[in-house]
Amino acid sequence: ETLELVRDGVLDQLSIGFREGQNRRLKDGTIERVSAELREVSVVLQGAYGELATVSGVRAVSEAMTNLDAARQILAGLPTLPVV
């Protein structure tokens, strides 16, 4: 059901749960998460930061991730969200 709601555009935001690592405050007041430990990702109707929150990159990935290939296949089938 969730996948169909994503495909239909009803659900288009994410809630990302993480444990902070190193942070950096930029001159414009933006907090850049230099490192963080991903805990959970959920597709939601309305995320805390809406379309204003974007992930600009991932610099490290643990090799201990389970079901990585299956996750890649699922994610490849999802529509991409617009970059604001």
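Biologist: Which residues does R19 touch, not counting residues up to four places away in sequence?

Modeller: One thing before that: this is a predicted model, where local features need pLDDT of at least 70, side-chain atom pairs count only at pLDDT 80 or more, and totals for chains, interfaces and linings use all residues. Residues are numbered from 1 along each chain as its sequence is written, and side-chain values use heavy atoms, with hydrogens and water left out. R19 sits in strand β1, and contact means heavy atoms within 4.5 Å. Leaving out residues up to four places away in sequence, R19 touches A36, E37 and R39.

Biologist: How far apart in space are R19 and L38, C-alpha to C-alpha?

Modeller: In sequence, R19 and L38 are 19 residues apart. R19 also touches A36, E37 and R39. From C-alpha to C-alpha, the spacing of R19 and L38 is 6.6 Å.

Biologist: Is Q13 buried or exposed?

Modeller: Q13 is in strand β1, like R19. Its contacts, not counting residues up to four places away in sequence, include S42, V43, V44 and L45. Buried means under 20% relative accessible area, exposed over 50%, and partly exposed in between (1.4 Å probe, protein chains only). Q13 has a relative accessible area of 14%, so it counts as buried.

Biologist: Where is V10, and which residues is it in contact with beyond its neighbours within four places in sequence?

Modeller: V10 is in the loop between α1 (2-7) and β1 (13-20). V10 has 44% relative accessible area, so it is partly exposed. Its C-alpha is 9.3 Å from that of V44, a residue 34 places away along the chain. Setting aside neighbours within four places, V10 is in contact with L5 and L45.

Biologist: Which residues make the nonpolar surface patch?

Modeller: Patches are made of residues with over 30% relative accessible area and no salt bridge, joining like charges within 9 Å and nonpolar side chains (Val, Leu, Ile, Met, Phe, Trp, Tyr) within 5 Å. Areas come from the Shrake-Rupley method with a 1.4 Å probe, and for residues only the protein chains shown count as cover. Strands β1 and β4 (36-44) each supply at least two residues, and the patch covers about 510 Å². Its members are L14, I16, F18, L38, V41 and V43.

Biologist: Which strand holds V43, and what is its relative accessibility?

Modeller: V43 lies in strand β4. V43 is among the residues that make the nonpolar patch. V43 counts as partly exposed because its relative accessibility is 35%.

Biologist: How many salt bridges does a search of the whole structure find?

Modeller: A salt bridge is a side-chain nitrogen of Lys or Arg within 4 Å of a carboxyl oxygen of Asp or Glu. One of them pairs E20 with R33 (3.8 Å, N to O), linking distant parts of the chain, from strand β1 to strand β3 (residues 31-33), 13 residues apart. E32 bridges to R24 at 2.7 Å, and R39 to E37 at 3.2 Å. The search of the whole structure finds 3.

Biologist: Which element has the lowest mean pLDDT, and which the highest?

Modeller: pLDDT is the predictor's confidence in each residue, from 0 to 100. The chain averages 76, and 75% of the residues score at least 70. Among the elements, the lowest mean (73) belongs to helix α2 (residues 68-76), and the highest (92) to strand β2 (residues 23-25).
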